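Dear colleague,

I am handing over the structure that we discussed, with the sequence alongside.

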Amino acid sequence: MTGSFGWRVKAVAAVLTIAGSLLPVDADEHEHTYADKEEVVLWMNTVGPYHNRQETYKYFSLPFCAGSKKTISHYHETLGEALQGVELEFSGLDIKFKEEVMQTTYCEVELDKAKRDAFVYAIKNHYWYQMYIDDLPIWGIVGEADENGEDHYLWTYKKLEIGFNGNRIVDVNLTSEGKVKLMPNTRIAMSYSVKWKKSDVKFEDRFDKYLDPSFFQHRIHWFSIFNSFMMVIFLVGLVSMILMRTLRKDYARYSKEEEMDDMDRDLGDEYGWKQVHGDVFRPSSHPLIFSSLIGSGCQIFSVSLIVIIVAMVEDLYTERGSMLSTAIFVYAATSPVNGYFGGSLYAKQGGRRWIKQMFIGAFMIPAMVCGTAFFINFIAIYYHASRAIPFGTMVAVCCICFFVILPLNLVGTILGRNLSGQPNFPCRVNAVPRPIPEKKWFMEPAVIVCLGGILPFGSIFIEMYFIFTSFWAYKIYYVYGFMMLVLVILCIVTVCVTIVCTYFLLNAEDYRWQWTSFLSAASTAVYVYMYSFYYYFFKTKMYGLFQTAFYFGYMAVFSTALGIMCGAVGYMGTSAFVRKIYTNVKID
């Protein structure tokens, strides 16, 4: 991320981390420019099993040794880095810009039984480590075993080849050599070398080598987008045709009934959605929770839309933790959206405890995320993993919730109650609720809710595979244009499905459409979470308590947030539909 927006995000994140996470730095690593023979820092980040991407530990938790150079000239960390478990430690290797280093021993490891066992365990579990030079990631493997799995070997020689273009570093490659058999009570020498080569790669394009166009731009990906797009055209056309024809017949029938005299109307066979006009705008059950969910869903949709647009404009994957920092910043900034839609809906439904509604709406999503993170944090601390969130970062997140999100939510709630909180319904609400007649089993709200999420899930499940793979495997997601299309497709399909479901429900003279429209759209999340089980068992090789808890915990958070967003989108579209059809019919 090289644009000015990225630096603003970093600045805000730094302030929110209570100013203690930044140390004085030189300009070179931030500006990515170097003078000849200027120091280039090799940061050691984390080490962990290859199949468990999130189970990472500090590099020096294994008995590696560091170089003799102890001074640290620059270091930086953002809120996103702290939450993602980035643990940068100085390697101690002496590297200078454009100055080659022949193979040099930088330290020795006294290999006793405990250290040997630690290395053997790491090799058996396919441990990889990650390093950084000028924000460019480098990966290397700890060692390997022989074919029989009896002898284990450690790679001791780091052969670095760094490409430069002018005064900038544009490419880094690591070759691991020097295979040494692990035997107790021996001394192992660790060495490195640095070779500089001129490169034609532009600085702006230096991250292209980490992308995987053959995976993300595969024909299946294009076909899935085309397939979903055709589904949208078909569904919108089908819904429009059915509803327009059906509603036209309904309006004609209701107009004919208006022309009858009272005797004929009493003898007539009245049925359909017009009969519930006195109850259709009745407040939903549990309006406080319902309005909070709608407000939170509108905010999640806003955050998703803005973050995707920013990711399309800025290359957020080029800076550590930038995507998470941007999401936190945008979520905090869009808190008035939550307050506006939740507060206005609660006021329209006659709610009196608006302060309580504001607190629930403001803290619903943060409490869910922080609660899950807190639970997983206990496991991370037990494992001594780098994913364990520091206490200072927890305090910073709490400060964001109380001093940024809550006040902005209050502003949105006050605006929503005053600007659009009046219940201007096209029909008068009866004092006594109308009894709901019996209907066929497939018209029950529970059945509609279960079936409502199938089509929205079908429009996004291929994209879910690519998103899951980028997060849980070693892929960098960069095709945010696809994600934007999928978000638009998901919203259109969700609105169409919920409108059809609501029409059938009202036609069965059941006026409980608010929760039904929300839950039928939100049930998409259930299918996404079920798909995550399939992905875990058949598409990954994850294992262990920490990785399993991390996977299913955060997949539950992701699915719930997706469900709340879809539910809010479905309800907003259905609400406009219901208001429209009851505005166009004559009511006594």
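Predicted model: local features only at pLDDT ≥ 70, side-chain atom pairs only at ≥ 80, totals over all residues.

Residues are numbered from 1 along each chain as its sequence is written, and side-chain values use heavy atoms, with hydrogens and water left out.

The protein has 18 helices and 10 strands, where helices (H or I, at least four residues) and strands (E, at least two) are DSSP runs numbered from the N terminus. Taken along the principal axes, the box filled by the C-alpha atoms is roughly 105 × 50 × 45 Å. Of the 588 residues, 52% are buried; buried stands for under 20% relative accessible area, exposed for over 50%, and partly exposed for what lies in between, with a 1.4 Å probe and protein chains only. Among contacts (heavy atoms within 4.5 Å) between residues at least 6 apart in sequence, 83% join residues at least 24 apart.

Turning to the cysteines, a search of the whole structure finds one disulfide, a term that here requires a pair of cysteine sulfur atoms within 2.5 Å. The disulfide is formed by Cys65 and Cys107, whose sulfur atoms are 1.7 Å apart. This pair links distant parts of the chain, 42 residues apart, with Cys65 in the loop between strand S2 (57-58) and helix H3 (79-83) and Cys107 in strand S4 (residues 101-111). The disulfide is right-handed because the torsion about its S-S bond is about 70°, and both Cys65 and Cys107 are buried. For Cys370, the closest cysteine sulfur is that of Cys401, at 5.1 Å, which is too far for a bond, and Cys370 is partly exposed at a relative accessible area of 33%. For Cys398, the closest cysteine sulfur belongs to Cys370, and at 6.2 Å this is again too far for a bond; Cys398 counts as partly exposed, with 41% relative accessibility.

For the helix pairs, axes are lines fitted to C-alpha atoms over the stretch in contact, and angles run from 0 to 180 degrees between N-to-C directions. Angles under 35 degrees count as roughly parallel, over 145 as roughly antiparallel, 65 to 115 as roughly perpendicular, and the rest as oblique. A crossing is left-handed if the near helix is turned anticlockwise from the far one by less than a right angle, and right-handed if clockwise.

Helix H8 (residues 287-313) and helix H16 (residues 513-522) pack at about 40° with their axes 12 Å apart, which makes H8 oblique to H16. Their crossing is left-handed, and Ile289, Phe290, Leu293 and Ile294 in H8 meet Gln514, Trp515 and Phe518 in H16. The residues of this contact comprise six nonpolar, one polar and no charged, where Ala, Val, Leu, Ile, Met, Phe, Trp, Tyr, Cys and Pro count as nonpolar, Asp, Glu, Lys and Arg as charged, and the others, Gly among them, as polar.

Helix H14 (residues 454-472) and helix H15 (residues 480-507) cross at roughly 160°, their axes coming within 8 Å, and are therefore roughly antiparallel. The crossing of H14 and H15 is left-handed, and their contact has 11 nonpolar, two polar and one charged residues.

Helix H17 (residues 524-539) and helix H18 (residues 545-583) pack at about 155° with axes 8 Å apart, so H17 and H18 are also roughly antiparallel. Here, however, the crossing is right-handed, and the contact of H17 with H18 divides into 12 nonpolar, four polar and no charged residues.

Finally, two single residues. Leu410 lies in helix H12 (residues 391-420) and is partly exposed at 31% relative accessibility; leaving aside its neighbours within four places in sequence, Leu410 is in contact with Trp354 and Met358. Lys440, in the loop between H12 and helix H13 (445-452), counts as exposed at 57% relative accessibility, and its C-alpha atom is separated by 38 Å from that of Tyr340, 100 residues apart along the chain.

With kind regards
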